[in-house]
Amino acid sequence: MDDQFETGAARRWLQSLSLRAWLVFGFLLALLPVLVFSVVWYTQYRQQVAEPFRHVLHTQHRVLVSLERIQSNLWDIAASVNDYANEGDEHYRSAFEAAERDIATHLRDLEQTTGAYPAFAPILKGVEQQWAQLLEVAARVEPSGGNVDPTLKRFESVIAETGKRVEDIAETMRLMNEESHARALEVMRRLEIFAIIAGLLAVLFATAGIFIIDQALIRSTDKLVEGAMRVADGKRDREIDVRVPPELASVAQAFNAMLKQIVLQEERLAAAARADGLTGLDNRREFDRALDAHIQTARETNQPFALLLIDVDHFKAFNDTHGHLAGDDVLRQVAAVLARSARSADRAYRYGGEEFVMIMPGLRAYEAAALAERIRKAIAEHVMILPNGSENHLTVSIGISVFNPQASQPDIVDLADKALYTAKTEGRNRVKLTA
């Protein structure tokens with residue numbers, strides 16, 4: 001029960017989201033893989049490519065500078081020791097000592113620079129041992145006056161070995177650089193795979209985003225267009241059902257309200273087109289349509305119906321005496337009496353001028369005559385109130401014809417008219433049935 005309540009609340013919350021919220025949500029969903037990929041890619045690139053490369057390059061630069069200077073100092077030391085051995089000049093000893101101090105400084109720099117790389121530790125240790133041995137051998141070299149000195153040869157051998165050890169540091173740095181490059185390539189390959197996966201996810205999420213926008217906007221818009229086209233085709237029996245987003249739901253509600261007003265106005269216009277403007281009864285055109293329908297129904301069911309043609313007696317003289325406004329007023333009162341006297345299935349119409357007509361389904365001749373007599377009597381007894389407040393009485397003459405399956409519409413009306421004429425020639429204020 002709680003799950004259903006939470007589901008319903010979530011559905012209501014989703015339906016309450018605005019169009020802007022649906023669009024933002026859809027686009028964010030489509031962009032989510034791209035954003036995630038960008039963050040992950042940048043993090044991986046910075047941690048595993050950029051920073052290691054920057055550190056290796058910085059270390060490589062410092063190591064190479066130190067190595068170049070150590071090698072230069074070794075050449076200076078070699079030259080000084082050889083010159084001292086050949087010439088015995090103490091000046092070369094001071095140059096040797098300066099080069100010795102520089103090499104000691106560069107070795108300390110190398111040790112600090114490569115402290116984070118364990119691979120350099122044994123190489124540096126070997127260089128330092130070789131350097132100590134070089135100093136020891138150099139200290140035993142004496143001036144030889146041009147003779148071959150075994151100590152000098154030993155010194156040259158040691159300094160050559162020291163140079164070789166220094167080159168090992170450069171080789172180790174090259175190997176580290178290659179290893180860092182290989183790791184970077186591996187990371188780039190992983191990032192490429194990740195980019196392909198992110199691209200596929202972006203397509204998937206973009207499809208989901210488009211689906212969300214379609215559900216929230218395009219489908220609702222299609223419903224609005226479909227509803228408008230349906231109304232344009234004259235089909236107004238169904239409202240437009242749009243619930244999300246609220247903006248389009250409001251448009252649909254406004255459209256449905258407008259549609260109700262249109263239907264109401266059409267019904268009013270149709271009623272006005274059917275009604276006689278003076279009496280409020282249906283007019284002559286509606287009578288013709290209804291008569292055709294009753295004839296068709298009667299022929300199909302073989303059920304009778306009666307037609308009453310009613311004429312107000314001496315109406316022209318009444319108009320001449322009391323005026324047309326009074327004449328219009330009594331016509332409205334006669335119409336009201338006819339409407340009250342009719343059964344629920346009967347229908348009264350204004351035929352024209354002071355003439356009225358009634359269609360009475362299911363009546364035979366004697367039944368129609370009895371009902372017509374009751375109508376005639378009701379009108380004769382009705383007190384007509386004129387616009388000036390005076391009272392008057394009017395009578396009507398009624399002609400009746402009853403449906404004959406072989407008769408056409410003009411025949412039916414003509415028979416009633418002939419019966420009416422007979423009623424009027426026999427003195428008016430009476431009912432006559434077609435002979």
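Modeller: Two strands count as paired here if DSSP finds at least two bridges between them. The model is a predicted one, and in it five strands form an open sheet, ordered 2-3-1-6-7, with mixed pairing. Strand 2 (347–352) and strand 7 are the edge strands, since each of them pairs on one side only. From one strand to the next, the twist averages 20 degrees.

Within this sheet, strand 1 and strand 6 run antiparallel and are joined by seven bridges. In general, strands of a sheet pair through backbone hydrogen bonds, in either a parallel or an antiparallel way. Val-312 stands opposite Val-396, which belongs to strand 6.

Helix 10 packs on the sheet, where it touches strand 1, strand 3, strand 6 and strand 7. The direction of helix 10 makes about 165 degrees with that of strand 6.

Now the helix itself. Helix 10 covers residues 365–381, which is 17 residues. From its first C-alpha to its last it reaches 24 Å, close to the 24 Å expected at 1.5 Å a residue. The buried residues of helix 10 are Ala-368, Leu-371, Ala-372, Ile-375, Arg-376 and Ile-379. These residues lie on the same side of helix 10 because they cover an arc of only 145 degrees around the axis. An arginine, Arg-376, is among these buried residues.

What do the buried residues of helix 10 pack against? Their partners include strand 1 (305–312), strand 3 (355–361), strand 6 (396–402) and strand 7 (431–433). Strand 4 (384–385) and helix 9 (324–341) are also packed against by the buried residues of helix 10. The face of helix 10 turned away from its buried side carries exposed residues, namely Tyr-366, Ala-370, Arg-374 and Glu-381.

Asp-276 sits in the loop between helix 6 (246–274) and helix 7 (284–301). With a relative accessible area of 15%, Asp-276 is buried, because buried means under 20%. The side chain of Asp-276 makes a polar contact, at 2.8 Å, with the side chain of Thr-279. Leaving out residues up to four places away in sequence, Asp-276 touches Leu-281, Asp-282, Asn-283 and Arg-350. Of these, Arg-350 falls within the residue range of strand 2 (347–352).

Key: Residues are numbered from 1 along each chain as its sequence is written. This is a predicted model: local features need pLDDT of at least 70, side-chain atom pairs count only at pLDDT 80 or more; totals for chains, interfaces and linings use all residues. Side-chain values use heavy atoms; hydrogens and water are left out. Helices (H or I, at least four residues) and strands (E, at least two) are DSSP runs, numbered from the N terminus. The expected span of a helix is 1.5 Å times one less than its number of residues. Buried means under 20% relative accessible area, exposed over 50%, partly exposed in between (1.4 Å probe, protein chains only). The arc is that of the directions from the helix axis to the C-beta atoms. Contact means heavy atoms within 4.5 Å. Axes are lines fitted to C-alpha atoms, for helices over the stretch in contact, and angles run from 0 to 180 degrees between N-to-C directions. A polar contact is a pair of N or O atoms within 3.5 Å; within protein, one must be able to donate a hydrogen and the other to accept it, and residues adjacent in sequence count only if both atoms are side-chain atoms.
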